[in-house]
Amino acid sequence: MRVVVASSFVPFVHGGGRFIVEWLEQTLQDYGHRVEVFYLPFKEHPDTLLDNLLSYRLLDLSQNSDRLIAIRPPAHSLIHPNKVVWFIHHLRGYYDLAHTEHSSIPDSGGGRAVAAALRRHDTACLGEARSVFTNSAVVGERLRRFNGIQSEVLYPPLFRPERFHCKAQNDEIVSVCRMENHKRQHLLVEAMEYVRTPVKLRLCGASSNASYVGSLKGLVERKALGDRVILDLGWISEETKVERVGNCLASVYAPLDEDSYGYPTLEAAAACKPTLTAWDSGGTLEFVRDGENGLITEPTARAIAAGFDRLFSDKRKTAAMGRAAFDTVQALNITWEHVLNRLLA
Amino acid sequence: MRVLWLTPVHRRSAIARFSELVVAELIAAGCDVTIGATETSFDSADRHSFSELPIAGASNHLANGAAFDIIVANFGDHYPNHAMALGALAFPLMIGIFHDADMSNFANGMRAAQHDPIGENGDWPVGRNVVAAIARRCGGAVVHSRFYLSAAESCDGPIAAIPLAWSPPRPNRERSASGPLVAPFRLVTFGNINPNKCPDRVIEAIGASAVLKEAVEYRLVGAVEPGVESSLRDLAGRLGVRLVVVGRVDDPELLDELAQAAAVSCLREPVLEGASASAIEAMMQGCVVMVSDAGFYADLPDDCVVKVPAETDSSSIRIALEKIYASPEACAALRGRARDYSLATFSPAKYADALLRLAHDVRVASSYAPLIDRLAVDLAGLGISPDSGTADLVLGSLEAMAPVRRRGEMSTADPGKPAHASHPLAGNAV
């Protein structure tokens with residue numbers, strides 16, 4: 001099949017939104033399909049949002065292709081007779097996060113009107129698709145609530161998860177993801193002030209927010225946690241990641257209301273490591289079951305600290321939860337074979 | 001949704017009563033409604049209740065107009081009642097509700113006040129052109145009957161014809177199913193009694209028929225100018241018609257009059273109003289309503305009212321009245337249909353629902369206005385003609401995204417309108 005994969009991107013910003021495209025491209029090719037990938041720039045500022053949407057509508061990607069798979073919004077705006085959408089998130093600043101610190105929409109009639117225009121646009125464009133899939137039940141529920149669109153959950157797998165394996169069990173709880181305010185690495189650092197065991201925390205990742213990284217460094221310094229909190233700042237290689245996760249005690253991923261379970265959760269599971277998350281972390285709760293394949297705590301420093309201590313104090317239990325996490329991947333059918341079957345159906 | 005509702009609020013205003021009904025439904029639908037009074041002199045002691053909402057002058061709220069999701073401004077043909085609504089025209093997220101098809105009196109009031117927010121190069125609009133002149137500055141427009149929809153089409157935004165919302169107070173006494181409660185045969189004209197309501201022609205019609213002259217008592221219920229009253233009394237006296245000038249009454253008294261009426265005359269010549277609260281109220285009360293077959297009244301179903309040809313001459317009125325008098329059983333059936341139709345059609349809940357849908361369209365369309373402005377300039381700058389395939393692709397894509405429609409020519413620039421208004425895209429269909 002000749003497949004066009006289209007997604008939006010922000011130049012020089014890498015993350016899960018790109019991985020899913022690159023890994024899908026590679027897997028489609030592995031299964032013998034011909035693939036063209038289109039990354040289209042997109043700015044979501046209210047002043048130019050609708051211009052950007054119109055520019056997507058004017059592109060014709062239907063030439064010579066049997067199927068369009070649209071991923072990051074507003075790629076679903078593209079027109080194609082065989083459009084399938086793998087919807088990974090809304091432009092949340094215009095939806096559930098409107099008029100919060102995460103939104104740039106003016107709190108005015110005009111600002112809210114742009115949000116209404118986007119919602120109408122999204123609903124119409126998603127309605128054109130032959131199928132709509134989401135990366136989590138959380139996102140699917142938002143589609144139902146905001147757009148009246150029914151969808152099917154299609155969990156994004158890791159690319160070649162066999163790269164990950166459990167090598168050892170050291171004293172570190174690792175966090176491998178971009179360092180951003182909503183990923184709440186600051187909460188993890190604050191938790192380390194309250195731990196009672198010799199457990200350590202390693203934060204790995206790049207950031208587009210220098211002030212947030214600065215605040216994390218300052219926090220470590222102020223709390224005198226330099227010997228127990230390790231900051232691996234910057235983008236780490238895949239090899240390093242495999243190494244860090246494979247040797248750790250457990251993974252921690254406790255963002256605020258995330259759209260999906262997040263690749264960190266899946267990478268940990270691939271290496272037979274459990275994940276600690278918080279009850280308000282959103283999509284992680286579709287994967288993590290408290291006490292079975294990870295821990296779910298209150299989103300507070302003290303509660304997370306208690307979770308860290310539990311993971312350290314009972315390493316046998318922690319290892320067992322890691323093996324259960326590995327099994328959860330299969331139980332949820334998080335495989336590329338399943339993904340391709342559904343996207344190309 | 002945050003709604004700023006601009007309306008006259010005083011007790012005698014029918015538009016205030018309409019507003020009160022719709023606002024209650026908007027609140028029930030979850031809207032956060034603020035009321036702004038549009039009278040030139042607003043008396044807070046003489047107001048409709050509006051669910052006990054606080055009421056301030058319209059200009060107080062318009063100072064913060066951009067904070068609202070939609071501003072709804074009511075326009076009727078009486079400048080002192082609606083003057084302050086004109087301030088809403090400065091805001092894009094705004095819907096004008098036009099209660100009258102002809103707003104000449106409003107324009108006269110503006111002229112007298114030397115207030116000209118809608119004049120075109122010093123030319124004062126008249127008649128339906130007043131509606132058009134105001135509508136072209138609205139983000140969306142509502143009319144209450146399709147007969148003057150064309151006047152609202154100057155609006156670039158979404159427009160809609162929504163039947164007026166009305167709900168009568170509960171009558172003091174129930175009408176009997178078969179006819180009037182008391183003899184003689186009472187015919188009522190109510191409201192502000194003026195020549196437009198054709199009372200002279202009704203008297204001539206009764207006077208020209210021996211049967212009607214014998215049976216009918218013609219009652220004028222409402223304020224009437226002394227000169228008009230005098231000439232009507234003279235005419236009735238000459239023709240031997242029993243005329244009772246009841247004068248101004250309060251609501252319970254009016255309901256009593258309607259309950260005892262054999263028929264109600266809602267004749268108009270010419271038809272100026274967008275919808276007639278009088279006719280609707282009479283229908284809701286289960287009256288036999290006689291109307292001129294024109295404007296709003298022409299849209300009423302033929303089997304719910306008695307229609308007189310649009311010219312509304314006295315011989316046609318006589319024929320209609322004789323038919324009503326001679327057919328009590330048919331009239332009883334008509335009353336039932338009129339009541340059912342009016343209650344279902346002129347429902348405040350339906351009105352609010354339609355208005356909210358329109359408001360959503362206005363909000364979306366207004367968001368696209370800056371984009372359309374830029375496109376109009378860009379396409380013209382590239383030398384792309386409106387009928388080219390490229391323009392069609394761009395405009396077709398926009399039409400699929402927003403409630404906009406093509407109109408006119410890109411080259412027909414209008415200095416009084418924003419750039420997008422002279423573009424082939426503007427507004428949307430009803």
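Predicted model: local features only at pLDDT ≥ 70, side-chain atom pairs only at ≥ 80, totals over all residues.

Student: What are the dimensions of the box its C-alpha atoms fill?

Tutor: Roughly 60 × 50 × 30 Å, along the principal axes.

Student: And how does the radius of gyration of chain A fit with a compact globule?

Tutor: It agrees. A compact globule of 345 residues would have a radius of gyration near 20 Å, and chain A has 20 Å.

Student: What share of chain A is buried?

Tutor: Of its 345 residues, 47% count as buried. There is also a number on sequence range. Take the contacts in chain A between residues at least 6 apart in sequence: 68% of them join residues at least 24 apart.

Student: Where are the domain boundaries in chain A?

Tutor: Domain 1 of chain A covers 2–154, and domain 2 covers 161–331. Their centres, taken over C-alpha atoms, are separated by 29 Å.

Student: How many residues do the two domains put into their contact?

Tutor: Domain 1 of chain A brings 12 residues and domain 2 of chain A brings 10. On the domain 1 side, helix H1 (16–30) and helix H4 (137–147) of chain A each supply at least two residues. H4(A) gives the most to that side, with three residues.

Student: Switching to sheets. What is the strand order in the six-stranded one in chain A?

Tutor: The order is S2-S1-S3-S4-S5-S6 in chain A. The sheet is open, with parallel pairing.

Student: Which strands sit at the edges?

Tutor: Strand S2 (34–41) and strand S6 (152–153) of chain A. Each pairs on one side only.

Student: Pick one pair and zoom in. How many bridges join S3 and S4 of chain A?

Tutor: Three bridges, in the parallel sense, between strand S3 (residues 67–70) and strand S4 (residues 83–87) of chain A. For a landmark, find Ala70(A): its bridge partner in S4(A) is Val85(A).

Student: Now the chain contact. How many residues from each chain?

Tutor: Chain A gives 16 residues and chain B gives 19 residues. On the chain A side, helix H2 (49–57) and helix H3 (109–127) each supply at least two. H3(A) has the largest share of that side, nine residues.

Student: On to chain B. Is helix H7 mostly covered or uncovered?

Tutor: Mostly covered. H7(B) spans residues 199–207, and eight of its nine residues are buried. Among them are Arg201(B) and Glu204(B), along with Val202(B), Ile203(B) and Ile206(B).

Student: What about the largest nonpolar core? Which residues have the most contacts inside it?

Tutor: Ile71(B), Ile95(B), Val131(B), Val264(B) and Val289(B). The core has 238 residues. Helix H15 (residues 348–381) of chain B gives the most to this core, with 15 residues.

Student: I'd like to click on Ile95(B). What does it touch?

Tutor: Leaving out residues up to four places away in sequence, Ile95(B) touches a set including Ile70(B), Val72(B), Cys138(B) and Val142(B). Leu358(B), Ala359(B) and Val362(B) are also among its contacts.

How values were computed
Residues numbered from 1 in each chain as written. Chains lettered and ligands numbered in written order. Contact = placed C-beta atoms within 7 Å. Helix = DSSP H or I, 4+ residues; strand = E, 2+ residues; numbered from the N terminus. Rg over C-alpha atoms; globule rule 2.2 N^0.38 Å. Buried ≥ 20, exposed ≤ 12 C-beta atoms within 10 Å, placed from the backbone. Core = buried A, V, L, I, M, F, W, Y, C linked by C-beta atoms within 7 Å. Domains from an automatic or database assignment. Pairing = 2+ DSSP bridges.
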